[in-house]
Amino acid sequence: MKLSAFRKFLPLFDRVLVERLMAETKTKGGIMLPDKAQGKVLQATVVAVGPGAINQKGVVQPLSVKVGEKVLLPEYGGTKVVLEDKDYFLFRDGDILGKYVE
C-alpha cells in the first residue's frame, strides 16, 4: 500500500477515506463480463481516518473503523477524491454500514 498520498491527505472529524474493491471482471467459469454487467462494488478498504467527531460536551468520539479494515458501503453517497491518479471516496463514519471481521 502506498502511504505517500495519505501523508498529504488526512480526513477531518468523523470522515473515513476508503478505496473501493475492484469489480469482478470474470465469472467463476472464466467468462469475461462487460462493464455494464459488472455490479457496483459496495466493499472497500479503509485507507485513512479522521480523529473523530466532537460531541456536545467537547469530547472526541472515536471512529468505529480503523485503517486496513474492510467495510460495507451504502449503494449511494460518498465524495470522490482523486489522489495520485487513483479514485478514493470519503464517507462519514455513521454512513458506513458495517465492517468485515475475520
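Residues 24 or more positions apart account for 63% of the contacts in the chain with a separation of 6 or more. The model is predicted, and its chain has 102 residues, of which 29% count as buried.

The secondary structure comes next. There are one helix and eight strands in the chain. Along the sequence they follow the pattern α-β-β-β-β-β-β-β-β.

Six strands form an open sheet in the order 6-7-1-2-5-8, with antiparallel pairing. Strand 6 and strand 8 (98–99) stand at the edges and have a single partner strand each, so one side of each is left without a neighbour in the sheet. In general, the strands of a sheet pair through backbone hydrogen bonds, either parallel or antiparallel.

Strand 6, residues 79–83, pairs with strand 7 in the antiparallel sense over five bridges. One of the residues involved is K80, whose bridge partner in strand 7 is F89. These two strands form a hairpin with two residues between them, and E84 in the turn has a positive phi of about 50 degrees. Strand 7 also pairs with strand 1, in the antiparallel sense and over four bridges. Here V16 has F91 of strand 7 as its bridge partner. The bridge partner of L72 in strand 8 is G98.

The largest nonpolar core has 11 residues: V16, V18, A44, V46, L63, V65, V71, L73, F89, F91 and I96. Strand 1 (15–20), strand 2 (43–49) and strand 7 (86–92) each supply at least two residues of this core. A second, separate core has seven residues, including L17, A48, L83 and Y88.

V18 is one of the residues of the largest core. Leaving aside residues up to four places away in sequence, V18 touches A44, T45, V46, V47, V71, L73, Y88, F89 and F91. Among these, A44, V46, V71, L73, F89 and F91 are also listed in the largest core, while Y88 belongs to the second one.

Technical notes. Residues are numbered from 1 along each chain as its sequence is written. This is a predicted model: local features need pLDDT of at least 70, side-chain atom pairs count only at pLDDT 80 or more; totals for chains, interfaces and linings use all residues. Side-chain values use heavy atoms; hydrogens and water are left out. A nonpolar core is a set of buried Ala, Val, Leu, Ile, Met, Phe, Trp, Tyr and Cys residues joined through side-chain atoms within 4.5 Å. Buried means under 20% relative accessible area, exposed over 50%, partly exposed in between (1.4 Å probe, protein chains only). Contact means heavy atoms within 4.5 Å. Two strands pair if DSSP finds at least two bridges between them.
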